[in-house]
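Please examine the structure shown here.

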Amino acid sequence: MSLWPTGCSSDDDALTFFFAANPEEADARLRVVDAFARRHPDIKVRTLLSGPDALQHMSIYCAGGKCPDVLMAWDLTYAGLADRGVLLDLNTLLGQDKAFAAELKADSIRSLYETFTFDGGQYAFPEQWSGNYLYYNKKLFAEAGVRPPPGRWEKPWSFGEFLDTAKALTKRDRSGRVSQWGYVDTWAASYSAGLFGVNNGVPWSTPRMNPTHLNFDNDVFIEGIQFYADLANTHKVAPTASETQSMSTMDLFSAGHAAMAQGGHWRYQTFDRAKGLDFDITVLPTGPKGHAARSNIGTTGLAIAASSRRKQQAWEFVKFATGPIGQEVIAESGLFVPVLRSAIESAGFAEAHRRIGNLAVLTGGPAHSEGMPVTPEWPKIGSLMDRNFGPVLRGARPATSLASGLSHAVDEVLHSP
Amino acid sequence: MTTIDGLAAAVTRRRKFSKRRARAGRMFVAPNLAAVAVFMVFPLGFSLYMSFQNWDLFRPAKFVGLANYRSLFTGDPLFSIALRNSVVYTVGTVVPTVLISLAVAGVLNRKIKGINFFRTIVFLPLAVSSVVMAVVWQFVFNTNNGLLNIMLGWIGIGPIPWLVDPKWAMASLCMVSIWRSVPFATVILLAAMQGVPDTLYEAARLDGAGELRQFVSITVPLIRAAVSFVVVISIIHAFQAFDLVYVLTGRNGGPETATYVLGIMLFQHAFAFLEFGYASALAWVMFAILLVLTVVQLRLARRRTAQEERSWA
């Protein structure tokens with residue numbers, strides 16, 4: 001099976017499959033494609049690997065009349081394509097395939113499935129969960145005499161306990177320079193800050209789909225954001241942006257210079273291959289106003305282009321990859337967290353993650369996730385967040401400043417796109 | 001009769017020949033003309049047309065008249081920020097570029113041993129791509145372990161968050177831009193300096209003028225046309241800045257809005273928000289600003305040259 005970095009020629013009748021992946025992930029994708037090819041030798045699949053900006057890459061393909069038949073869809077950005085009529089509403093095909101519909105309904109995690117339900121249409125089926133949790137270095141915890149953190153979402157730990165742990169694990173050398181950080185974040189800082197807001201008991205928005213307002217002006221949500229910002233600026237247990245310029249947060253954890261790292265399963269392969277790193281995983285902390293430990297839904301799915309000339313073949317591929325067999329292949333690969341209950345709880349998934357003690361953090365993750373807002377305007381909101389979170393995360397302004405600046409700007413975008 | 005017939009035949013032959021030459025000329029120019037039409041005239045016309053439309057690549061374009069221009073000037077607070085940043089970046093790049101290039105070209109114009117080696121060194125950055133250059137400078141600007149902060153540390157200056165702090169980000173960007181622009185400007189100015197007759201310097205020396213006086217009173221006035229060209233080209237380049245900003249401070253022109261210049265704004269609206277009509281309107285506004293600046297600059301240069309010619313006379 002060949003992997004094409006770019007280009008989308010129409011010189012053969014192969015089904016085109018567009019996706020974004022790092023080299024290890026691409027390998028897992030190809031395993032699913034290979035498994036599909038064995039079961040459907042009559043359908044040829046040509047893979048198209050995305051460049052750094054998948055949405056831009058995809059838009060240009062589709063606008064040029066060469067939209068790939070099967071497209072990877074991201075929870076935050078698919079709505080823009082669905083709104084523009086690029087993606088096919090899968091409900092029609094699902095209606096004609098009652099057996100698969102029933103199977104999917106019984107085995108799916110509702111919140112993940114509904115992530116791709118937009119304006120009454122079903123524009124993709126989820127295929128992997130990539131929500132956030134914490135990796136922790138077992139050796140550093142043991143050396144500092146700190147009790148290991150909880151191993152299940154049902155057993156939360158508080159912001160205070162998390163902070164105490166991070167403080168106990170932050171070490172400085174004689175010059176006062178930090179030699180080991182308590183906590184590092186390997187995800188996008190502004191999104192992580194929002195996730196701390198969610199863990200303080202307030203969702204990003206109500207409703208989640210097509211909201212007209214985001215909770216950047218909610219005091220409790222803001223409190224969670226402030227706690228996240230204080231980790232670096234006040235408590236000095238996390239590095240600032242300047243401090244991660246020379247060594248990425250991912251490398252800090254891999255090299256044993258950080259005790260806890262926030263990220264998703266996409267970091268697993270890197271940490272798994274890091275020499276001498278003995279790690280396990282734990283849940284995110286819960287704020288004083290929070291009710292339970294929460295991750296973010298952070299899922300990707302598979303969609304079919306509305307303009308596809310091979311809709312039936314595309315349907316077979318999507319069904320395979322998001323159905324029990326494809327999900328089992330994903331589970332066994334150890335490169336993603338599948339989204340069907342049967343695959344998450346399978347022996348293959350457990351075997352692929354045998355070095356993880358707290359496997360319940362992964363298997364329970366999808367069911368303990370809260371979604372981020374789904375709106376066609378997300379690219380604009382993302383860029384507004386990037387701009388407005390900057391001073392808060394640097395400690396130049398309090399998180400309460402978001403209530404007047406960012407909140408109004410976001411509302412304006414959501415009301416008049 | 002025979003002479004007249006001969007003359008008429010010669011005229012006809014010449015006409016035929018010149019027609020053939022004209023046709024051949026047109027044939028030679030045609031491929032280039034076609035390329036200009038396809039790759040320049042059509043995109044220009046299309047973007048002008050699109051600036052009056054609302055178009056997101058997928059849905060049919062919708063005519064909105066001057067709405068894109070109106071919201072750019074009245075409803076988009078980021079336009080004024082981008083314009084201000086572009087002006088700061090342009091001034092912060094062009095003025096130092098011209099001054100440094102003048103000095104460097106003046107030094108390289110000297111007839112000393114091994115000058116070709118130094119000329120090669122100075123021109124080397126011209127051969128490096130902007131993206132590669134920006135990546136290298138990212139390392140240089142690293143707050144804790146960057147070359148620049150290490151060197152500043154030797155003289156007792158604490159680490160400066162070059163690309164992380166909004167107060168420093170634009171200054172950092174200007175530094176890289178100057179580093180990139182100086183070689184090109186130096187090439188132009190050096191070529192112009194080499195065209196200044198030696199006799200003028202000899203006369204000045206006989207009159208007791210020092211090196212600096214010769215440079216200010218002879219070299220600079222006589223290469224004014226080249227300086228003018230460098231200024232115009234540098235302004236155009238700086239105003240259209242994109243690649244350097246994108247690599248150094250990210251696709252949003254951060255931190256916050258510190259390096260949010262017009263080029264980044266255009267790219268963001270076109271390729272992140274898929275607002276191609278709005279981005280086209282912005283492109284034409286940028287074009288109009290540059291056109292006005294260039295015309296004013298050329299007029300000023302022409303007037304100055306005329307004044308000088310009068311004073312020489």
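This is a predicted model: local features need pLDDT of at least 70, side-chain atom pairs count only at pLDDT 80 or more; totals for chains, interfaces and linings use all residues.

Tutor: Residues are numbered from 1 along each chain as its sequence is written, and chains are lettered from A and ligands numbered from 1 in the order in which they are written.

Student: Which radius of gyration does chain A have?

Tutor: The radius is taken over C-alpha atoms, and the globule rule is 2.2 Å times the number of residues to the power 0.38. For 417 residues, a compact globule would come near 22 Å, and chain A agrees with this, having 22 Å.

Student: What percentage of the residues of chain A count as buried?

Tutor: A residue is buried if 20 or more other C-beta atoms, placed from the backbone, lie within 10 Å of its own, exposed if 12 or fewer, and partly exposed in between. Of the 417 residues of chain A, the buried share is 51%.

Student: Which residues touch the most other members of the largest nonpolar core?

Tutor: A nonpolar core is a set of buried Ala, Val, Leu, Ile, Met, Phe, Trp, Tyr and Cys residues joined through C-beta atoms within 7 Å. The largest has 121 residues, and helix α10 (residues 219-233) of chain A gives the most to it, with eight residues. The members that touch the most others are A:V70, A:Y78, A:Y123 and A:F317.

Student: How many residues of helix α9 of chain A are buried?

Tutor: Helices are DSSP runs (H or I, at least four residues), as strands are (E, at least two), numbered from the N terminus. The buried residues of α9(A), among them A:L195 and A:F196, pack against elements of chain A including β10 (178-185) and α18 (378-394). Helix α9 (residues 189-198) is mostly covered, and of its 10 residues the buried number is nine.

Student: At what angle do helices α3 and α10 of chain B pack?

Tutor: Axes are lines fitted to C-alpha atoms, for helices over the stretch in contact, and angles run from 0 to 180 degrees between N-to-C directions. Two residues are in contact if their C-beta atoms, placed from the backbone, lie within 7 Å. The contact includes B:Y89 of α3(B) and B:F239 of α10(B). With axes 9 Å apart, α3 (residues 77-108) and α10 (residues 224-239) of chain B pack at about 145°.
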